[in-house]
Amino acid sequence: MLVLLGLVMVDVAVIGAGQTKYGNHQLGLKGMWAEAAENAFSSVDHNFEPRQVDEAFIGSVAFGGGQLGNTAALLTEHSGLDGIPVRRVENACASSGFALRDAWMAIKSGQADIVVAGGIEKMNDLSAERKRFWLGVSGDTEWERLAGLTFPGTYALMARRHFHEHDSSHDDLVNISVKNHMHGFENEHAHIRKQVSFEKAESGFMVADPLTLYDCCPTSDGASCVILAADHIVQQFTDDPIWIRSSGAASDRLALHDRPSVTQLLATQKASRDAYTGAGLTSNDIDLAEVHDCFTIAELMATEDLGFSEQGQGGVFAREGRGVRNEGSVCINPSGGLKSKGHPLGATGTGQAVEVFKQLRGTVEGSRQVRDAEIGLTHNVGGSGATCAVHIFGRERNE
Amino acid sequence: MLVAQELPAPFTFLGGSGMSEHSHWKGYLVVDNGDSLFIQSSYVHDDKIVYGPDSDPTTMAIAGIQFMHSKGHHILSINLSDSVDALTVYLATGVDSMAHNEDLKFEEIEWDLLSGEEATLVVAKSNAESYDFEAPQDVEIIDADFFNDIEEAWRLEQEVHHVSQGAYISKSQYLEGARARLSLASQNVDGSMIWPPRQLDADGLRIPPESHTLLPEAQVESWTKLSAAGAPSEFSLRAPILGGIQTLLVRFEQGPRGVFLVTDDIEYSPKIGDTVHFAVRRIYAQEGMIRYGLKAIPKR
């Protein structure tokens, strides 16, 4: 704890993190959440009990599972967290990225010492028709939806425009798809553990021209949970904390056509700027990044907006394999990303934090380990870019 | 081909006298007689003129009134037939009617919009005694299976108990933006046009209501075509029949961007930089109410 000009500056660490496998679960909401929470609780090195938790923030779009209101209370009830203040955080696909930020802020403010942040989504217990309803409700329903757009359509508009404005093409998106399937192949929590060839990914079924099936993430069931603690009590639980060095977040206009650019996500740019400033770091310092690749074009744009490549050079970045684990300048989506690991909407943000926590502690499956990983970043986007949360994690605290 | 059809009296067809001007207008065929207009669908099925896949008397009435406006006629109010949605006509064109405004008096209304038994309409002065129209020649026979499937899909979609599994746009939500959606009404703030309309500015002040309309032409900045399986569920009954749905991201000359479906009755391979114009067409139906909006047509 740093006291500066009378202000108490609390540092926040992740002391435990766990998740379910992503995919098509037989478990319901309660079972999935209990499994993620159990995995997170058991990952704390010592002395942790759920009753020590002061507060919880749980992200969910409330897609399936049949419990829309008071979801969070139901989940804490079934994970030994009865009685604590809890709420559902909803920011579309960035729900648990913002739950993580809220949890971080609760500790930073001095109001809580131990906070749970998590997320959950049950997407595969609905009919195809009802599923498409939920997949559409986070976009701009009044204008985009009535123009026939779903998220594949919105991102397809971005992709085609990016190809027009910059040195990029669908081949670059295929490279991203191939990389993420390769990264996720050995991830025991991944939804799709299957390597794909360039030729196969190139010739996928057209979903929204120019995006094919291999450009789109799957709809997954899953839950994820991280446990945060204030610096003055971290040592009670672990000798190997992973520090949240900063949190940045921003919003943008909901509809793509209302934004100044359709090939940049300004919310990502602002959130990452704030995060880099908060951590005293630049994009060059990041060893690995879990970025929001709901569609391959989203990863391409994220590499630009997060500063890993120059604006307009995301295609070149992908083409040259600069995001490949232990080969490129920064490992992009070591988990396989949303494309391979899966995308249970509300669980994705804290699921990214679970991966970074394990990578920085060196506890992922051996072949997946990013070498000498000291600093990781998570990038969680809501919808087509209306909300974004970026977090930077490190083995060391901020200086 | 001279199309035999039932016209509302007192209008009659002539054959090939050359006294009327034929043209295409917003996907329809129009015959301009100066002070009156005959407008019809381009499609024929079973020897009858029928509406295209996203057209109906309301969309064609709007097109007809807009044509007359484009020719300098000042139509302020009009008598509409029951088959035309008066509110949509008013929002799209600004032309009032007794069906929309109870305060209007019949004798004050100078224009009539008369529906034929087939997909034909006439816009004319109320005091017109008779006008002659030369029939448009270039109608197209619509594929029978396609026509029947689309008709059936719309019938199912319009049933009151049919609740779309798509995003729920309530009636009030739809109507809040309907004027901007149907007429490109936009806000003007210090010369900058804002469309679709917004509420408060960064000073917390209310942005003035729509006072201008965007020029109804725009350039394509991007486009996509969603497969039938990937189309939003609002369109799930019709998308498979149409072979998917096509959306354009366009920029208007005055600055704003927008996204628009392409009309359902054209084959179009868009290119970035293309110029498009717009026509009011059906978008989808929910709980018995048809939602109308502008759709794009390539300018050829």
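This is a predicted model: local features need pLDDT of at least 70, side-chain atom pairs count only at pLDDT 80 or more; totals for chains, interfaces and linings use all residues.
## A helix pair in chain B

As for the geometry, H1 of chain B covers residues 57-70 and H2 of chain B covers residues 86-93; their axes come within 10 Å and cross at roughly 35°. The hand of the crossing of H1(B) and H2(B) is right-handed.

## Where chain B touches chain A

Let us turn to the contact between the chains. Chain B brings 32 residues to it, and chain A brings 29. On the chain B side, the elements that give two or more residues are strands: E15 (217-226), E16 (245-252), E17 (257-261) and E19 (289-298). Which of them gives the most to the side of chain B that touches chain A? That is E15(B), with six residues. The chain B side as a whole divides into 15 nonpolar, 13 polar and four charged residues.

## Chain A as a whole

Chain A holds 12 helices and 14 strands. Its radius of gyration is 19 Å, close to the 21 Å that the globule rule gives for 399 residues, so chain A is as compact as a globular protein of that length. Along the principal axes, the C-alpha trace of chain A spans about 55 × 45 × 40 Å.

Buried residues make up 63% of the 399 residues in chain A. Among the contacts in chain A with a separation of 6 or more, 78% are accounted for by residues 24 or more positions apart.

## Two domains in chain A

Chain A splits into domain 1, made of 2-126 + 220-236, and domain 2, made of 150-218 + 245-394. Taken over C-alpha atoms, the centres of these two domains of chain A are 23 Å apart. Their contact draws 36 residues from domain 1 of chain A and 31 residues from domain 2 of chain A.

On the domain 1 side of this contact, strand E3 (12-19), helix H3 (95-108), strand E6 (114-121) and strand E9 (222-230) of chain A each supply at least two residues. H3(A) gives the most to that side, with eight residues. By residue type, the side of domain 1 of chain A that touches domain 2 of chain A comprises 18 nonpolar, 14 polar and four charged residues.

## Backbone details worth a look

In chain A, the peptide bond from A:Asp209 to A:Pro210 is cis, with omega near 15°. A:Pro210 sits in the loop between strand E7 (206-208) and strand E8 (211-212) of chain A. In chain B, the peptide bond from B:Trp195 to B:Pro196 is cis, with omega near -10°, and B:Pro196 belongs to the loop between strand E13 (192-194) and strand E14 (212-213) of chain B.

Chain B also has residues with positive phi that are not glycine. One of them is B:Lys26, with a phi of about 50°, in the loop between strand E2 (21-25) and strand E3 (28-32) of chain B. B:Asp190 likewise has a positive phi of about 50°, and lies in the loop between strand E12 (185-189) and E13 of chain B.

Are these residues buried or exposed? B:Lys26 counts as buried because it has 23 C-beta neighbours inside 10 Å. B:Asp190, with 4 other C-beta atoms within 10 Å, is exposed.

Conventions
Residues are numbered from 1 along each chain as its sequence is written. Chains are lettered from A and ligands numbered from 1 in the order in which they are written. Domain bounds come from an automatic or database domain assignment. Two residues are in contact if their C-beta atoms, placed from the backbone, lie within 7 Å. Helices (H or I, at least four residues) and strands (E, at least two) are DSSP runs, numbered from the N terminus. Ala, Val, Leu, Ile, Met, Phe, Trp, Tyr, Cys and Pro count as nonpolar, Asp, Glu, Lys and Arg as charged, and the others, Gly among them, as polar. Axes are lines fitted to C-alpha atoms, for helices over the stretch in contact, and angles run from 0 to 180 degrees between N-to-C directions. A crossing is left-handed if the near helix is turned anticlockwise from the far one by less than a right angle, and right-handed if clockwise. The radius of gyration is taken over C-alpha atoms; the globule rule is 2.2 Å times the number of residues to the power 0.38. A residue is buried if 20 or more other C-beta atoms lie within 10 Å of its own, exposed if 12 or fewer, and partly exposed in between; C-beta atoms are placed from the backbone.
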